Amino acid sequence: MNKRTITVKGRGSASAPPDWIKITMSLEAKNMDYEKTVNLAAKQLDQLRKSLEEHGFSKKDIKTTDFNVDTSYESVKDITGNYNRVFRGYLCSQNLYIGFEVDSRRLGNILRSLSRCESKPEFSIKYQLKDEKNLKEKLLKNAIADAIGKAKVIALAANVDLGEIMHIDYDWTEIRFVREDFQLSDASYNYSAASIDIEPEDIEASDNVSIIWEIE
């Protein structure tokens, strides 16, 4: 005889204030000559590093996530109405990031330096958790507690007893503990470092777990 079962899904939520700032930066160099393009990209990177060295970042602290050199073309309409691909030069793009503990004053000083850097990097800010382990564990505990509480209510209402747990289903999908990017307009660069006093919201996340009980 097949055992009778009940399946209950629990949902857990948790939150914590961010303790880590990640600034992502991108640089672009363009020239009709390949060698000049690469040399310009190297110069831009050197300028960026010097700007960040003022705030205690060494070369190894400035991580590169992408470096790419590609050709650039443009579709141009000729006198006959046909479009032709016209070579516009070489484009070198670099993506980098730095990370540091949450500090509004330090953040303001860094952003001011980036806005004045000769390489003119584009950048955005993310607030994160440096160590996500504790919050992930809290999420899972809350999800299991929620499933157990729901199962007890259902069992009582259905006049049955919960037996042993037969199966726990958790998909282990990646949970992102990141606040959305903060974008600053060109006008923002004119403010002094002291005016950068951002208080980000707590980072919130939720996850689900399904538990199967035998019922008696």
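Strands β2 and β4 of this predicted model pair in the antiparallel sense over twelve bridges. Pairing here takes at least two bridges between two strands as found by DSSP, while helices (H or I, at least four residues) and strands (E, at least two) are DSSP runs, numbered from the N terminus.

Put together, four strands make up an open antiparallel sheet, with the order β3-β4-β2-β5. At the edges sit β3 (63–77) and β5 (122–128), each of which pairs on one side only. From one strand to the next, the twist averages 20 degrees. Angles of this kind run from 0 to 180 degrees between N-to-C directions, and the axes are lines fitted to C-alpha atoms, for helices over the stretch in contact. Contact itself means heavy atoms within 4.5 Å. Helix α1, residues 34–53, lies across β2, β3 and β4 (83–101), and runs at about 150 degrees to β2.

As for the cysteines, a disulfide is counted when a pair of cysteine sulfur atoms falls within 2.5 Å, and by this rule the count is zero. Cys 92 counts as buried because its relative accessibility is 1%, and Cys 117 likewise counts as buried, at 2%. Buried stands for under 20% relative accessible area, exposed for over 50%, and partly exposed for in between, using a 1.4 Å probe and protein chains only.

The protein chain has a mean pLDDT of 87, with 88% of its residues at 70 or more. Confidence is highest in α1, at 96, and lowest in strand β7 (residues 203–215), at a mean of 90.

Some bookkeeping: residues are numbered from 1 along each chain as its sequence is written, and side-chain values use heavy atoms, with hydrogens and water left out. The model being predicted, local features need pLDDT of at least 70 and side-chain atom pairs count only at pLDDT 80 or more, whereas totals for chains, interfaces and linings use all residues.

Definitions and conventions:
pLDDT is the predictor's confidence in each residue, from 0 to 100.
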